[in-house]
Amino acid sequence: MTGDFMWPRFSTSWSSDLPSNVKDNLRLEEQSRDDHIHIAPMTSGEVEHRSFRDVIYHPRSTYLTRANVSTDGHRGSSTKPSPHRFGQPQQTPTFHPVKVSLFIMITAAFTGLLLMLGTQFGFSATSFSEKLSSAAVLASSNDNESARTFSGDVSTCPGYVLTDLSESVNGLSAHLQLAGQGCNAFGVDIKNLTIETQFQIPESIISRPNPPSQSFKTTSDLTFNYISQPFAFWITRRDGTGEPLFDTRPSSLPPTPIPAQDPSTDNSTSFDSFQLVFEDQYLQLASALPYDANVYGLGEVIASSGLRRDVGTNGGPGTIQTLWARDVADPIDENISNGADILLQTPQSQGTSSPKSLIEYRFLGGTFDFYFLSGPTPQAVASQYAEIVGLPLWTPYWAFGFHLCRWGFPNISDTKLQVERMREANIPLEVMWNDIDLYHAFRDFTTDPVSYPIDEVKAFIEELVNIPIVDAAVAKQVNKTDIGVELDVWVKNPDGSEYVGQVWPGFTVFPDWFSSNAETYWTQALQNWSDSGVLFSGIWLDMNVRALCLVMGNNTSVPFLLPGAPGNPITAYPEGYDPSISGPSGNITVDGKLTFNAGSGSSSNSDLTARRIGYKLSKRSSSASPSDETDSPSSNNKGSNLGAALLLNTSNEPLINVPPYTIHNGAGRLSVNTLATNATHQPGYVELDVHNMWGMMEEKATHNALLTIHPGQRPFLISRSTFPSSGKWTEKLRKVDDLGDNFSKWQYMYYSIQGVLQFQLFQIPMVGADTGGFNGNTDEELLGRWMMLSAFHPFYRNHNEKGAIPQEPYRWESVANASRTAIAARYAMLPYWYTLFANASSLGIPPVRALFWEFPNEPELFDIDRQFMIGRDILVTPVLEPNVSSVQGIFPGGSKTIWRDWWTHAVVDTTNGSNNITLSAPLGHIPVHIRSGAALLLHAQPAYTTTQTRAGPYSLLISLDSDGSAFGTAYIDDGISLPPTSNVTLKLVAEKQGVTVQSDGSFEIEQRLTQVTVLGVSSRPSAVRVNEKTLGEGSWTYDDDLERLVIGGTDEKSNNIDVDLNVNAKFTWS
């Protein structure tokens, strides 16, 4: 790796496989760059140990982060409470506090440092080895079945002792041995562990960086420290600054037991012991962290605390997050399409001088695989993470346009009508999407012969960009030969029979991406669909958390009423509207008065509580209440064809289907509304171990299929479920904060910002919300504000559910006006957006940024998530509340930074010493500001499509710093070809009284530069020159109030400039 930062890498991974040839031998290797530590049972055979690349996406784990007091204080009563017992039905595991992220970013405000813990947890080595089955592991661990009765008590777990230590040039090797009698809390304790740099996930699924070719033992930014008995380790910076970044030493952790904050509601959040526990079905590791550390990420989640996670300090309840992909309509603080089980809490103070925060990881078996990324800046951390999981894919230029979709366009005629109405309203539309209305009988790769006849579909798609939906479940073929059966590509039951579920088309099967023929099948299916006339430009992968409906015998119909169907109308008024006060219209105003919360005396929207959708499958979300009958362990209903479980506990329930330790899955049992955890993949992997990976593997297969169907072009995919490295194959449609199955609520518009920012860290930068909200009815004000906000997010799509009121932006004139304004600004910025994404795909630098990522030395920015930055130069301050015409905005950088209004170019007045400013924001306006020192290439004439916009001329916008300088770059290529391709980079440099454009590359730029705007020119020039040629006064203008010099861009063509960007250019004034 080149650059100004280095990141050592330790790989600690702990695996629970127990082959008979386990050796009492363990090794730990220190590598360069990111510290990567892998701990696992050591074998003399060829058992393959592979691991995740990300802490937050372990398929079955619970993370607890919790702020706590120092270790020298006495905790509460002198009477020791009885140890908490785990493993009871529906009871969630205990989690301990810490700071984590899907890829965790931790900032220690008191040190001014930014630290990133990129922890990654893998699957059980057992399930990834062709030589071992779960039964074999059980046999090697137990003498008889009675051993499967577990205590649920970790307080007696002895921990491990480090032995046989030897060092080498690149690191050390060692062996861990159980320090005493095993506690068998939730599984059988593994006696011997190894520390090694091996992995659990096959390289063919997620490739990892190559080992270093040189030693970094004495030069790495981070150092690995350890004690032998009980074994513990801690990570520190080599320069000795700051507290340890990760610290498992007992002396650093608070005394146990620590009771749950509210034992009456969830006693599983207590902490009984912080010893390392490594059992075949339960892993536990705790670490102390700096008190009240700033934690970001933690995987896909809608966090009520915002971008900065609640660690349980300052009166907060803490955080619980679960790593189990789940189909549900955007619950708050629960696992959704992807997640993590993490608990952040803070017990009452013990009155000590050095309180601590802490985290505990609790997994249902598998490995620990940690990556510690040294940063030291947020952007450096993100780039380092990209070196592990891979860089984001290159995005086609057209994908930055505006997208329109709806579940509920009943036929091709209605779909065409929306395109016509958008054109009539002059609201730019780039891409039209089709939801499952397109399908015949809800079946993938089909079109309805009546409502969407293929010849009309083909003719329609030939006129614009189109993206259709593909659901994860494929209709089971009964009366004809199933090529999928011939190719052996379907997920199986443990007994080898075909696993059959029930989703939209009735009985369904699921591709097994571990099958060597699965990608061949998938490519041919998509190719046949395209050849039939569905000429898609990209694919929308939905339902790939693999949601299941409740099986109802041989009835293959959807077991509920669809939204909008007779008997299930979507009739709720928009949020805050009371028809008893304002009448039946639902309008934003009635008789000149605002209707949101009319009569309440309050203009702010109420906070939303966590949601759990009951027994229903909304368009793209299903979930069953834990009390639902689907939560019963006996789910082998007619049609499901579930095979026998591999292992049974004393209740005759499968250990794989009902693990002794229960994580905080919002749906209850892990198999509720998704595949059973004992469903089997080739070459014997169980669903329990690969559950969260399925969506990523589908994305990879679809990506490769599109490369075949559109050779040489960049594939464009939007997916619902993601996993570390998904950014290499797909973009992300998150739910609310997740940016997908969200709600038409003001709070969910706010949540979309944290969602976009989270996925920048996860190296999936092309992300956006269902603008206007998917579930429920929107209103004029909410939609108008949301259309403006989403114009400044990477992915920009309006989408809502069947049966709700239409929310296309032309439906209200105020929304149409707001949309035209925002899209024009977006399209003007496209060269800037495109350059940011080129940097993301080349270097892993996030295009959209939290304010503190750009200003890491300003602690007051650490929890700001109602504003965000596009790159380093554009600050967006959206209105996120109803009934207001202004918004508060913070302007960082102090006196060294000048902020200018994007729309008017006026300077923001911060002379009163406060950087928190009230900004005017009437309906139809969103405050956007440009930072001093910025030099941006823009499209001078935004048009109806991105293609038309690109065909027009360019302009430059320069915002000078106080010293008269500015800098920027612009990357340009054809916008569609797969890199490496012909390209050019423009280097834009402003110095006192001059701007230069330096062109470097082979791509031929056809469009000319016709205008240069320079902000911050302190006095009117007497002369302006382009390439040393003096311009007439009619070719430039100067505004004294705005200190703005505009060169060219006048209405008179004779006075315009016409600059070739393929050669260097210079603009000066004096």
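The stops below take in helices, strands and the contacts between them.

The model is predicted, so local features need pLDDT of at least 70 and side-chain atom pairs count only at pLDDT 80 or more, while totals for chains, interfaces and linings use all residues. Residues are numbered from 1 along each chain as its sequence is written, and side-chain values use heavy atoms, with hydrogens and water left out. Helices (H or I, at least four residues) and strands (E, at least two) are DSSP runs, numbered from the N terminus.

**Stop 1**

Select residues 474-475, 501-503 and 506-509. They belong to an open sheet of three strands in the order S23-S25-S24, with antiparallel pairing. S23 and S24 are the edge strands, each with a single partner strand, so one side of each has no neighbour in the sheet. Strands pair if DSSP finds at least two bridges between them. S24 and S25 are joined by three bridges, and Val 503 has Gly 506 in S25 as its bridge partner.

**Stop 2: two crossing helices**

Next select H6 (residues 518-532) and H9 (residues 694-709). Their axes (lines fitted to C-alpha atoms over the stretch in contact, with angles from 0 to 180 degrees between N-to-C directions) come within 9 Å and cross at roughly 50 degrees. That makes H6 oblique to H9; angles under 35 degrees count as roughly parallel, over 145 as roughly antiparallel, 65 to 115 as roughly perpendicular and the rest as oblique.

Now show the side chains where the helices touch. Contact means heavy atoms within 4.5 Å. On H6, the residues include Trp 522 and Leu 526; on H9, Ala 701 and Ala 705 are among them. The residues of this contact divide into five nonpolar, six polar and two charged. Here Ala, Val, Leu, Ile, Met, Phe, Trp, Tyr, Cys and Pro count as nonpolar, Asp, Glu, Lys and Arg as charged, and the others, Gly among them, as polar.

**Stop 3: a covered helix**

Select H10, residues 746-761. Is this helix mostly covered or mostly uncovered? It is mostly covered, with 16 of its 16 residues buried (under 20% relative accessible area; exposed is over 50%, partly exposed in between, with a 1.4 Å probe and protein chains only). After H10 comes Gln 763, with a positive phi near 65 degrees.

**Stop 4: strand S50**

Finally, select residues 1009-1015. Six of the seven residues of S50 are buried, so the strand is largely enclosed by the rest of the structure. Tyr 954 is opposite Leu 1009 in S50.
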